[in-house]
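Hi there,

Here is the structure I promised to pass on to you.

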Amino acid sequence: MSDYDAIIIGAGISGMYQLYRLRELGLRVRVFEAGTGVGGTWYWNRYPGARFDSESYSYGFSFSQELLDEWHWTEHFSGQPQTLRYLNYVADKFDLRRDIQFKSRVSAAHYRENSRSWLVTLEDGSCHTSRFLITAIGPLSAPTMPKIDGVDSFKGQSCHTARWPHEPVNFAGKRVAVIGTGATGVQTIQEVAKTAGHLTVFQRTPNWCVPLHNAEISREEMAEIRGHYPEIFARCRETFACFLHTPDPRSAMEVTSEEREALWEKLYNNRGFGLWQGNFRDILIDRKANALVSDFVARKIRQRVKNQAVAEKLIPKNHGFGTRRVPLETKYYEVYNQPNVELVDINQTPIERITSRGIKTNAVEREFDIIIYATGFDAITGAFDRIDFRGVDGLKLRDKWQGGPQTYLGLMVEGFPNMMMQMGPHTALGNIPRSIEYSVEWVAGLLRHARDQHVTRIEATPEGVASWTDHVKALGVGLLSNEIDSWMTGINRNVDGKQTRIIARYSGSAPAYRARCDRVAADGYRELRLA
Ligand code: NAP
């Protein structure tokens, strides 16, 4: 059994950077990673069309000037292959791999009070101990297959998008089915439609998608972007969710309809998340404002899709624009004008079962060569549920969070001393590497304090947890997104016990979140119980 100062679970963006920062403190650190390589999300999600929805240069690590100087993003929204190359480059540059153990899925982590340490067990049965445990397991890393009878009976090729094979999959001339039309499904569909012989999309809930407007970045352009890195990261620090887009301070209701249309037209034609993150300040809280912008996007869909019956199926009816994560697309709607693409609304013709040959709805059985499950994740708490975390007196985290997560700053849980969470429930997500860098540095600061002050036990207090959890819940009041089923509200109809909406996400601003965490550090972490 090997012993470390800190064990990190996961070698994605959080785990890699946490390793780098904890090594700087002179700690003996071990990272356990289930995959065969670094990259987390970008390691697992190799599905066709996977790419950033944040501008590449706002997404990469900002901590190393050398890295910023060396790396050339070739597209405004980098595709998965380049992103994975980037993360491997980072791993090599900072010599991270020597402390990462691959093919090592953590199955259990138990706190032991007598030694104030964690006992971490891997799936192969091996055990490791450490004083501190940092979870870097990602909010969207526990893929879920649909609860449909017969999923295992299909004889063709089938795959969940987050478990995509490492070898290329050829769609040419093939009959392909995609189930799921979230951000992943949309990216997959628009790519597969280019070569598939026939593509059938099984849609349960349409989402409001808007154009990505990706483009290549030339050497000259990248040199110019490099010159602006300080402004880019400063901007991300100021915005609500760390994206480059800043909301318009006006209400959608206080301007004329011409002014509204002008802004929306501009945002629709600009790169990235502008229409979602850079819109009037009230489109996600005011029903009337939201209905107006939804109507604007619905008109765009009707213009882009030739068959109006299909267009109507693609327009969401049960939720307004931006109240679920907005998928960004490149000619997604035009896909439905292609003769080789069919949209099946499974509310009208429900899937009865997967058969050995294909998919049977209550109307017809269709045969396929390939079935792609773009059916999403048991989000935020799912990755925690898949590991047997036990705190003081054997308390199970799964039991503690049964009615929804309770955390201190999204970073710690009472009863689970010396465990810190990266991108767990109740933290600011947004443009995630920006949040990760902050949060990793905060945890490194806490562990530096522990090292310097000879602190061997750190625990959140019940008051701290109650007050943060209440704060997170209060922030969610009035947000239209909390009235809708989605992974953001903890719903996954394929997972038992995930049918009730919860507030699992911090929905305040990232600057406010950082200010709160900064105060705790400046105050010598006195809000925590240190021993
Ligand atoms: P998702 O948004 O949860 O979408 C899952 C899809 O599968 C939904 O359309 C869902 O329908 C459908 N589905 C699930 N179970 C089904 C069933 N039994 N029968 C039929 N349909 C079923 O998951 P995702 O698309 O993987 O995206 C998750 C998140 O990952 C995104 O919101 C985003 O935050 C992140 N992501 C980011 C990027 C990027 O940055 N570029 C790309 C992809 C994903 P219902 O809506 O009816 O449940």
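Asp-369 belongs to the loop between strand S15 (365-367) and strand S16 (370-373), where helices (H or I, at least four residues) and strands (E, at least two) are DSSP runs numbered from the N terminus.

Before the rest, a word on the ground rules. This is a predicted model, in which local features need pLDDT of at least 70 and side-chain atom pairs count only at pLDDT 80 or more, while totals for chains, interfaces and linings use all residues. Residues are numbered from 1 along each chain as its sequence is written, and side-chain values use heavy atoms, with hydrogens and water left out.

The ligand

The shell around the ligand holds 26 residues, and Arg-51, Thr-184, Arg-204, Thr-205 and Trp-487 come nearest; a residue is near a molecule if one of its heavy atoms lies within 4 Å of it. By class the shell has 10 nonpolar, nine polar and seven charged residues. Here Ala, Val, Leu, Ile, Met, Phe, Trp, Tyr, Cys and Pro count as nonpolar, Asp, Glu, Lys and Arg as charged, and the others, Gly among them, as polar. Helix H6 (residues 183-192) supplies the largest share of this shell, three residues.

Several polar contacts go with this (pairs of N or O atoms within 3.5 Å; within protein, one must be able to donate a hydrogen and the other to accept it, and residues adjacent in sequence count only if both atoms are side-chain atoms). A polar backbone atom of Thr-181 is 2.9 Å from a ligand oxygen, and a backbone N or O atom of Gly-182 lies 3.5 Å from an oxygen atom of the ligand. On the nitrogen side, a ligand nitrogen is 2.8 Å from an N or O atom in the side chain of Asn-494. The protein buries 86% of the 910 Å² that the ligand exposes when taken alone; these accessible areas come from the Shrake-Rupley method with a 1.4 Å probe, and for residues only the protein chains shown count as cover.

Aromatic rings

How many aromatic pairs does a search of the whole structure find? The answer is 35, where rings of Phe, Tyr and Trp (its six-membered ring) pair if their centres lie within 6.5 Å, and planes under 30 degrees apart count as stacked, over 60 as edge-to-face and the rest as tilted. Trp-71 and Trp-73 make an edge-to-face pair, 5.8 Å centre to centre with 70 degrees between the planes. Both Trp-71 and Trp-73 are buried, and they belong to one aromatic cluster that also includes Tyr-17, Trp-42 and Phe-94.

Arg-46 lies over the face of Tyr-43, 4.8 Å from the ring centre, and the charged end of Arg-163 is over the ring of Trp-44 at 4.1 Å from its centre.

Backbone and buried serines

Most residues other than glycine have a negative phi. Cys-242, not a glycine, has a positive phi of about 70 degrees. Cys-242 lies in the loop between helix H8 (229-238) and helix H9 (257-269) and is buried, with a relative accessible area of 1%. Asp-393 also has a positive phi, of about 60 degrees, but counts as exposed because its relative accessibility is 79%. Its loop runs between strand S17 (388-390) and helix H15 (397-400).

Which contact does the side chain of Ser-130 make? It reaches the backbone oxygen of Phe-132 at 2.8 Å. Ser-130 is in strand S6 (residues 127-135) and is buried, at 0% relative accessible area. Ser-117, in strand S5 (residues 117-122), counts as buried at 6%, and its side chain makes a polar contact of 2.7 Å with the side chain of Ser-115.

Happy browsing!

Note on methods:
Buried < 20%, exposed > 50% of the residue type's maximum accessible area, 1.4 Å probe, protein only. Lys NZ or Arg CZ within 6 Å of the ring centre and 35° of its normal.
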